Amino acid sequence: MFTGCETVPITGRSQLLIISNAELSAVAAGEFSKMNKVSNDPRIEQIRRVGLNILTVARRDDAHGVLPPANKWEFAIIDDKSPNAFAMPGGKIGFNVGMFPYAATDDDIAVILGHEVAHVLSRHSSERVSQVLLVQLGAVAVDHATKNQSARTRQAWLTGFGLGAQFGMLLPFSRSHESEADHLGLIFMARAGYNPEAAPLFWRRFSNASSTKPPEFFSTHPADETRIRQLQAWMSEAKAQANSLSKP
Ligand SMILES: [Zn+2]
């Protein structure tokens, strides 16, 4: 079992990680391979292009070597009408068909992928999977959780990744994880040349549209006034980073 106290890039928050990135990546690869992917949707090129631009600039803060090299990342459009998108440890990015009505432009997609890549870079899944496994299975079982294929274990992993609707179990990311992913994601999208002003606009639009029947992404990423206020507060920092990169 991997145990360590580490710090999150940029924000410097301390975190306790008891599941290694390698273990997470192995489970994520298995789950990703089972998903229904659309094989002939040309929008995959847009997702890949924006995703790789975000990854290129995020790598500068990858002190722990969490992000795989660019050519190892897999991108897929998932054949699912619910609005959802995710990035998983080990380099898997999925974008549901149902997300495009909410996020069609490069800037919008950069908001979502910047945020999701920031979750991966900050190793939030490790913290979440650890927490869910400990609650559900107990400390002794965590050690064997990567080999255990039971539905209960699988539910714990998927919930940790921010997925898990198929088990009817959606755990919101904690306020601190969401703030970190918003903060880093805003910086990444600005560095990559996208307009960070799209971020608060996306969250407000998504929040309004999903207020009656919250979709999976909204259940795991609750958008409230605090999120939008914080994004506005980080805007000048994000723009300053973009400007400093564009100068020779
Ligand atoms: Zn999030």
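**Close-up views of a predicted model**

In strand β5, Lys92 is the bridge partner of Glu74. The views below are of a predicted model.

**View 1. Strand β5 pairs with strands β3 and β4.** Strand β3 covers residues 74–78 and runs parallel to β5. Five bridges join β3 and β5. Strand β4 covers residues 85–88 and runs antiparallel to β5. Four bridges join β4 and β5. Lys92 of β5 is also the bridge partner of Met88. The hairpin of β4 and β5 has three residues between the strands. In this hairpin, Gly90 takes a positive phi near 95°.

**View 2. Strand β5 is largely enclosed by the rest of the structure.** The strand spans residues 92–96. Why is it described as enclosed? Five of its five residues are buried, so the rest of the structure largely encloses it. In a regular strand, side chains alternate between the two faces of the sheet. Here, Lys92, Gly94 and Asn96 point one way from β5. Ile93 and Phe95 point the other way. Both sets are buried.

**View 3. Lys92 is a buried lysine in strand β5.** Its relative accessible area is 10%. Buried means under 20%, so Lys92 qualifies. The side chains of Lys92 and Glu74 are joined by a polar contact of 2.6 Å. Which residues does Lys92 touch, leaving aside its neighbours within four places in sequence? The contacts are Ala29, Phe32, Trp73, Glu74, Phe86 and Ala87.

**View 4. Four residues coordinate the zinc ion.** The donors are His115 (NE2), His119 (NE2), Glu178 (OE) and His221 (NE2). They sit at 2.0 to 2.4 Å. Angles among the four donor atoms are 94 to 123°. The site is tetrahedral. In sequence, the donor residues follow the spacing H-x3-H-x58-E-x42-H.

**View 5. Thr153 lies in helix α6.** This helix spans residues 151–160. Thr153 is buried, with a relative accessible area of 0%. Val129 is 24 residues from Thr153 in sequence. In space, the two are 10.0 Å apart, C-alpha to C-alpha.

Conventions
Residues numbered from 1 in each chain as written. Predicted model: local features only at pLDDT ≥ 70, side-chain atom pairs only at ≥ 80, totals over all residues. Heavy atoms only, no water. Donors = N, O, S within 2.8 Å, 3.2 Å for Na, K, Ca; no water. Tetrahedral: all angles 85-135°; square planar, octahedral: opposite > 155°, others 65-115°. Buried < 20%, exposed > 50% of the residue type's maximum accessible area, 1.4 Å probe, protein only. Helix = DSSP H or I, 4+ residues; strand = E, 2+ residues; numbered from the N terminus. Pairing = 2+ DSSP bridges. Polar contact = N/O pair within 3.5 Å; in protein donor to acceptor, adjacent residues only side chain to side chain. Contact = heavy atoms within 4.5 Å.
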